[in-house]
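Here is a short briefing for a first look. Please keep the sequence and the 3D view at hand while reading.

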Amino acid sequence: MNKIKIVCAYLYFFLCQCVIASEQPDIQRAIVYSDGLPVSEYLVSEKYDGVRAIWKDGKLLTKTGKRIVAPTWFTEVLPKDIWLDGELWSGRNEFEFIQSTVLSQTPNNKKWQRIRYKIFDAPNYTQAFFLRAQEYTNLIERINARHIQAVNQLPMFSRNELMLMLNEYVEQGAEGLILHKKEAFFRDGRSDSIVKLKPYMDAEAKVIGYVAGKGRNLGKMGSLIVQMASGVVFKVGSGFTDSERDNPPQIGETITFKYHGVTKNAVPKFASFLRIRETE
């Protein structure tokens, strides 16, 4: 009898994993911009610092396949037979508000009124990106809902033009730019079909300890001790608000930080805290 229970338990676990895996949508992931990229082959848009959201089979999902519980009015305008990819976003420098709003299992209608679904792709496996961009733009014009918005894709002809656009957007508070290869067909995973360009690099690391604060930070957290997936251990001591120093990320949590290059030992230079990685 015990053996039967064990077999049943394993079978149940396996079936649950299959269900979870089947929910995870195919998505394209960006590589980091590097000099030499043929800029004229791409369309460019703002990189929205929100929560990635995929609309497929009548469900709104995170990039890892978890259900986003949005108010009915938010999604009822979207055709159930359409596949869309975009960002849930309310404004620049509002990531914490966006994350807490859209990942809550109990949707706050008042907060959701501020959220926009910024569509940047209508994935399929038969059309190049520039055609898919036309498709989602036309679709959203037909939907004609204030909270469903098409991301404008701009042609770019030179690196200098691209850098001028980056500087202009960053000065206005944008996180950076995204480049979509015009002739690229959709494929799951990371490739040069999508490229992200920021004024800095960012990465993730797990919190493994703390350094006590000194001076004005006496009695608070001074620095986090973090470890990257590569095994590199270092400290992150800047980028925190006073509130975050009073209640720092917990040991075991993963943070996103920005940096400017690495040392000869692969330690990020001038690492600065951005946020706790979103839980999806």
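How many aromatic pairs does a search of the whole structure find? The search finds nine. Rings of Phe, Tyr and Trp (its six-membered ring) pair if their centres lie within 6.5 Å; planes under 30 degrees apart count as stacked, over 60 as edge-to-face and the rest as tilted. This is a predicted model, in which local features need pLDDT of at least 70, side-chain atom pairs count only at pLDDT 80 or more, and totals for chains, interfaces and linings use all residues. Residues are numbered from 1 along each chain as its sequence is written, and side-chain values use heavy atoms, with hydrogens and water left out.

**Aromatic rings**

- The rings of Phe-74 and Trp-112 have centres 4.8 Å apart and planes at 70°, so this pair is edge-to-face.
- The pair links distant parts of the chain: Phe-74 belongs to helix H2 (residues 72-75) and Trp-112 to helix H4, 38 residues apart. Helices (H or I, at least four residues) and strands (E, at least two) are DSSP runs, numbered from the N terminus.
- Phe-74 and Trp-112 are both buried. Buried means under 20% relative accessible area, exposed over 50%, partly exposed in between (1.4 Å probe, protein chains only).
- The rings of Phe-257 and Tyr-259 have centres 5.7 Å apart and planes at 45°, so this pair is tilted. Both residues are buried.
- Trp-73, Phe-74 and Trp-112 make up one aromatic cluster.

**Charges over rings**

- The charged end of Lys-258 sits over the ring of Tyr-200, 5.1 Å from its centre. The criterion is NZ of Lys or CZ of Arg within 6 Å of the ring centre and within 35 degrees of the ring normal.
- Arg-275 lies over the face of Phe-95, at 4.1 Å from the ring centre.

**Helix H3**

- Helix H3 (residues 95-102) is mostly covered, with six of its eight residues buried.
- The buried residues are Phe-95, Phe-97, Ile-98, Gln-99, Thr-101 and Val-102.
- They pack against strand S3 (51-56), strand S5 (84-89), helix H4 (109-112) and strand S15 (272-276). Contact means heavy atoms within 4.5 Å.

**The largest nonpolar core**

- This core has 31 residues. A nonpolar core is a set of buried Ala, Val, Leu, Ile, Met, Phe, Trp, Tyr and Cys residues joined through side-chain atoms within 4.5 Å.
- Leu-60, Leu-84, Leu-88, Trp-112, Ile-115, Tyr-117 and Tyr-136 touch the most other members.
- S3, S5, H3, strand S6 (116-121) and helix H5 (129-143) each supply at least two residues. H5 gives the most, with six residues.

**The open sheet**

- Five strands form an open sheet in the order S13-S12-S11-S14-S15, with antiparallel pairing. Two strands pair if DSSP finds at least two bridges between them.
- Strand S13 (233-236) and S15 stand at the edges with a single partner strand each, so one side of each is left without a neighbour in the sheet.
- Six bridges join strand S11 (residues 201-212) to strand S12 (residues 221-227). Ala-212 stands opposite Met-221 in S12.
- Val-226 lies in strand S12. At 0% relative accessibility, Val-226 counts as buried.
- Not counting residues up to four places away in sequence, Val-226 touches residues including Val-207, Phe-234 and Ile-255.
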